[in-house]
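I opened my notebook to look around one structure, a piece at a time. Here is what I looked up, in the order I went.

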Amino acid sequence: MREYSPDLTPPWKRPRAVPEVPADPELVVEVAGADFCGAVVACEAGTVTLEDRFGKRRVFPLEPAGFLLDGRAVTLVRPARGRGGAGGPGGPGGHGAGPARTASGSIAVPGARARVARAGRIYVEGRHDAELVERVWGDDLRIEGVVVEYLEGVDDLPAIVADFGPAPDARLGILVDHLVPGSKESRIAAAVTSPDVLVVGHPYVDVWQAVKPSALGIAAWPVVPPGQDWKTGVCRALGWPPNTGAAWARILSRVTSYRDLEPALLGRVEELIDFVTAP
């Protein structure tokens with residue numbers, strides 16, 4: 001006679017086994033039930049530490065089915081010895097087993113075609129701002145169909161916004177340099193009141209300062225006395241030729257990912273992308 005399994009539950013009603021995945025360094029996962037996605041930076045007995053694209057780290061318990069990998073529930077387990085820990089292969093600076101990521105920290109989509117440009121836009125102040133955003137977020141922007149344009153200053157921002165004609169299906173995001181309380185830029189930004197426009201900014205005199213000094217091999221950005229051209233003063237203090245174009249090319253060449261930028265800029269650009277792509 002034919003032998004049957006003692007479990008008579010139909011296959012489609014049986015609980016699916018949740019695969020176990022080694023928590024190798026750089027593996028990117030989402031936390032089930034929590035608004036957090038990050039790469040594994042450490043895994044110890046009973047916990048895993050994740051780091052998101054802004055450099056923020058959080059520790060989570062290694063619970064069954066506690067994480068999502070490519071949208072599917074998984075159970076993270078400690079990697080076998082020799083699979084790459086801190087300082088070993090696969091650790092920080094090594095070769096991770098996770099999916100490839102873009103320069104902004106997003107999961108890369110191999111072979112993805114650029115989306116047709118949205119009606120919405122992101123405006124930045126100058127060419128250097130636009131080039132820096134392209135360097136780090138270019139892949140994400142092409143997939144989302146977001147075009148970045150530069151303004152050469154924001155003195156006429158209210159008129160520029162009115163000329164654009166923002167609407168719910170054509171939102172406008174604007175990134176402003178030196179947006180701090182009491183500055184000229186803050187007063188100009190306050191004059192823009194449309195609900196379909198988001199004006200955000202970083203605290204730096206120029207977007208150059210949004211690049212971490214460590215990426216350039218310097219201890220800190222020089223302090224330029226008031227009354228001097230800031231970029232020229234930086235070149236002089238660092239012993240660079242007085243050519244701001246060449247200096248910027250040098251700075252930009254050192255930026256390879258979001259890790260080379262200050263969080264004060266990272267968060268603002270991500271905020272603008274979310275705003276212009278929201279349904």
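**Entry 1: a serine in a loop**

I started with S194, which lies in the loop between α3 (184-190) and β11. Helices here are DSSP runs of H or I with at least four residues, strands are runs of E with at least two, and both are numbered from the N terminus. I looked up how open S194 is: it is partly exposed, with a relative accessible area of 23%. For that word, buried means under 20% relative accessible area, exposed means over 50%, and partly exposed is in between (1.4 Å probe, protein chains only). I also checked S194 against P158, 36 residues apart along the chain, and their C-alpha atoms are separated by 10.0 Å.

**Entry 2: what kind of model this is**

I noted that this is a predicted model, in which local features need pLDDT of at least 70, side-chain atom pairs count only at pLDDT 80 or more, and totals for chains, interfaces and linings use all residues. Residues are numbered from 1 along each chain as its sequence is written, and side-chain values use heavy atoms, with hydrogens and water left out.

The pLDDT is the predictor's confidence in each residue, from 0 to 100. The chain averages 84, and 87% of the residues score at least 70.

Two strands pair if DSSP finds at least two bridges between them.

I followed β8 and β9, which pair in the parallel sense over 4 bridges. The bridge partner of R121 in β9 is V147.

Which strand order does the open sheet of 7 strands have? I read β1-β7-β6-β2-β3-β4-β5, with mixed pairing. Its edge strands are β1 (20-22) and β5 (57-61), each pairing on one side only. Neighbouring strands are turned by 50 degrees against each other on average here, direction ignored.

Then I walked along some neighbours. Strands β2 (residues 28-31) and β3 (residues 37-44) run antiparallel and are joined by 3 bridges, with E30 opposite C37 in β3. Their hairpin has 5 residues between the strands, and G33 takes a positive phi near 80 degrees there. Strands β3 and β4 are antiparallel too, joined by 5 bridges, and C43 stands opposite V48 in β4. That hairpin has 2 residues between the strands, and G46 takes a positive phi near 85 degrees.

**Entry 3: rings**

I looked up aromatic pairs and the structure holds 5. Why is the pair of Y123 and F164 edge-to-face? The ring centres are 5.9 Å apart and the planes stand at 80 degrees, so Y123 and F164 make an edge-to-face pair. By the rule, rings of Phe, Tyr and Trp (its six-membered ring) pair if their centres lie within 6.5 Å; planes under 30 degrees apart count as stacked, over 60 as edge-to-face and the rest as tilted. Y123 lies in strand β8 (residues 121-124) and F164 in helix α2 (residues 157-164), so the pair ties together parts that are 41 residues apart in sequence. Both Y123 and F164 are buried.

W221 and W230 form a tilted pair, 6.0 Å centre to centre with 40 degrees between the planes. W208, W221, W230 and W248 form one aromatic cluster.

**Entry 4: following W230**

In helix α5 (residues 230-238), W230, G233, V234 and C235 are buried. The buried residues of α5 pack against α6 (244-253). After α5 comes G239, whose phi is positive, near 75 degrees.

Definitions and conventions. Axes fitted to C-alpha atoms, helices over the stretch in contact; angles between N-to-C directions. Contact = heavy atoms within 4.5 Å.
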